[in-house]
Structure formats: structure tokens, C-alpha cells
Amino acid sequence: MIDTFGSTADGQTVHGITLVAGDLRVRILTLGAILQSVRLAGVDHDLTLGSDRIEDYLGDLMYHGPLIGPVVNRLSDAQAVIGGVRHHFDVNFNGRHTLHSGEGGTHRQIWQILSATDSACTLGLTLAKGAGGFPGGRQVTAVFAATAPASLTMTVTATTDAETIVNFANHSYWNLDGSETWSGHRLQVAADAYLPNDHDFKPTGEIRRVSGTDMDFRHPRTIAPGAPDLDTCMCLGRDRVALRDVLWLTGTSGLTMTLATTEPGVQVYDQRAPARPGRAVYEGLALECQGWPDAPNHPDFPPITLKTGESLTQITQWRFSR
């Protein structure tokens with residue numbers, strides 16, 4: 001089902017697409033390819049943090065639920081060398097760095113509906129050459145497919161006509177209990193290493209083993225805000241691989257979300273800011289499957305380069321069970 005969600009300040013119409021399969025009902029917005037709602041039969045609350053107001057998504061909630069690209073996360077000093085040429089990007093973080101591709105990121109764009117059925121939809125977006133400082137005219141598609149009993153799979157494909165960098169991620173926040181905060185959830189991540197951050201919340205370049213640290217989630221752990229602070233890339237490997245399970249989040253109710261991805265990293269963010277209107281911080285956990293952040297500026301990190309004529313495919317899957 002396709003309906004009208006609202007309009008942007010410049011008069012562009014934003015549509016909502018509802019997908020249903022088995023016990024799962026989800027809603028996607030054409031603004032930012034936002035995953036607005038995830039509902040499970042028999043559960044009286046939404047599992048992801050969204051809003052019914054377009055104004056919220058155009059303001060402080062711009063990172064609640066969208067598909068962020070062409071490069072998610074930080075790019076230090078708002079620059080990177082691509083194909084031997086240094087490129088400069090929007091400065092929108094701490095007066096020095098680029099966060100989530102700056103003002104022209106895909107989370108702020110209106111995606112086109114290329115197809116839609118009861119259980120799947122395909123959205124498309126064209127990124128012009130040089131937009132946001134990133135080289136290449138890029139074509140991007142995002143396929144969202146719901147399947148019974150309760151799974152949602154997102155497949156992102158990108159091509160370019162000039163060498164560029166690409167690293168997409170969904171940026172939904174999750175709270176499986178519908179509670180004030182996610183405190184009491186249990187988290188497990190199949191990561192043997194993580195990337196420590198500096199004072200600007202970007203990687204230092206060190207790849208640190210999780211063993212003996214508070215970032216060891218290889219076995220399920222009950223988590224609480226600040227124990228530890230989380231805005232961290234957990235290293236799942238060094239290459240894009242076949243879809244595999246990498247993370248398990250379980251609410252106090254016993255409801256579990258299993259996260260699978262093809263990507264070599266998953267950023268875990270505790271939502272210390274911003275809060276939804278009238279809600280607390282730490283309400284939801286962001287779990288962002290992606291390549292390692294700031295990769296072009298760290299030669300030891302797996303590259304996120306997409307060369308002319310090549311095609312990139314990133315897959316993320318969420319499965320819910322009780």
C-alpha cells in the first residue's frame with residue numbers, strides 16, 4: 001500500500017509504503033528511504049523509533065531510520081584521496097569533519113518508487129557528479145523485502161561512472177520492549193575486534209581485540225547506558241562476504257532481533273542524543289551494518305572504493321522471534 005506522508009518545505013511529496021508478510025508489517029518512506037515503522041503481530045508497540053510528523057525527520061530526527069550514504073559515519077578532516085586525487089566534502093561535524101555525507105546525503109533525498117508489491121518495494125536515487133564533493137555520477141537502488149514469518153531484508157546496489165567511495169548503512173534505532181530506554185536488553189555481537197575512537201568520535205586507526213575489554217560482546221551481555229559508552233564500530237571481518245548472522249539483541253520480554261549482513265562492520269550507537277520529542281535519550285540502539293568508518297584515511301582498514309563500471313551490493317537483514 002502506498003499513501004502520502006507529507007511534503008517537504010520545497011513542496012516535494014513524501015510517500016509511505018507499507019509492506020506485510022507473515023507476522024511483520026513495516027513502513028518505508030521515500031524521504032531518505034526511512035524505515036519508519038516495524039510492527040510484529042501480538043506486540044503492542046513499534047520496534048523501531050519513528051515519528052508520524054515529517055517535520056521531525058526534516059529536523060533533529062534526520063538520522064532516525066534512513067538509508068545513509070553515499071558514505072555513512074565520519075570522514076576525518078572532511079577529505080579523502082580517491083583515485084589519486086584529494087577530494088573535500090561538507091564540514092558538518094565538530095567544525096572539522098564530515099558526518100553521514102553532509103547536507104546532501106541520501107538521508108535527505110526523495111527516493112523514487114521503482115516498484116512496489118504487498119511485501120516488497122524498490123526505491124531508486126541518482127547522485128549527481130560531485131554532489132557533496134564525492135566524484136562520480138552514481139545510481140543507487142534499495143530493495144526492501146518482507147518475508148514470513150518475520151524477516152525484513154534490505155539490498156542496496158550502487159554503480160558509478162567514475163571512481164568514488166561508497167559505504168551505505170541503515171540508521172534505525174531499536175527498542176524491543178517499547179520502554180523508556182533500552183536498559184536491560186541483552187546484546188551479542190560476533191566481533192573479535194573493535195575500532196577505538198578519538199575525542200571527535202572517529203577511529204584512531206587502531207584495531208583493538210575485544211578480549212579483556214568492555215567491548216567484548218561475543219557472549220550475550222545485559223547492557224545499560226554508559227556501561228560502556230557506545231558509538232563504536234565492531235569489526236566483523238575485513239571483507240564483504242555472503243549474508244551471515246552477526247548480532248543478536250534481546251529485550252526483557254524475550255523478543256529477539258537477529259541482524260545479518262554482508263558487511264565487515266556494525267556501528268553500535270547508544271543514542272545519547274538526540275531524543276525524540278517528549279522522550280528520553282538512550283531510548284533506542286542504532287545498529288548500522290557498514291564498512292569500517294573513515295576507511296579512505298586509514299590504509300590498514302578495508303577499502304570502500306567503487307571503481308568505474310563496477311557494481312556494489314550491500315545486504316542487511318532483520319529477523320524477529322519470540
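Predicted model: local features only at pLDDT ≥ 70, side-chain atom pairs only at ≥ 80, totals over all residues.
**Overall build**

I went through the secondary structure next. The protein has 27 strands and 1 helix. Its radius of gyration is 18 Å, close to the 20 Å from the globule rule for 322 residues, so the protein is as compact as a globular protein of that length. Along the principal axes, I get a box of roughly 55 × 50 × 35 Å for the C-alpha atoms.

**Burial and contacts**

I checked burial across the 322 residues, and 55% are buried. The exposed surface comes to about 12,400 Å², with 48% of it from carbon and sulfur atoms. I then took the contacts between residues at least 6 apart in sequence. Of these, 63% join residues at least 24 apart.

**Aromatic rings**

I searched the whole structure for aromatic pairs and found 7. One of them is Phe89 with Phe134. Their ring centres are 4.3 Å apart and their planes meet at 15°; planes under 30 degrees apart count as stacked, so this pair is stacked. I placed both partners on the chain. Phe89 is in the loop between β8 (85-88) and β9 (98-99). Phe134 is in the loop between β11 (120-127) and β12 (138-147). The pair thus links distant parts of the chain, 45 residues apart.

Last entry: Trp174, Trp318 and Phe320 form one aromatic cluster.

Terms used:
Residues numbered from 1 in each chain as written. Heavy atoms only, no water. Helix = DSSP H or I, 4+ residues; strand = E, 2+ residues; numbered from the N terminus. Rg over C-alpha atoms; globule rule 2.2 N^0.38 Å. Buried < 20%, exposed > 50% of the residue type's maximum accessible area, 1.4 Å probe, protein only. Contact = heavy atoms within 4.5 Å. Areas by Shrake-Rupley, 256 points an atom, 1.4 Å probe, with all protein chains shown as cover. Phe/Tyr/Trp six-rings, centres within 6.5 Å; stacked < 30°, edge-to-face > 60°.
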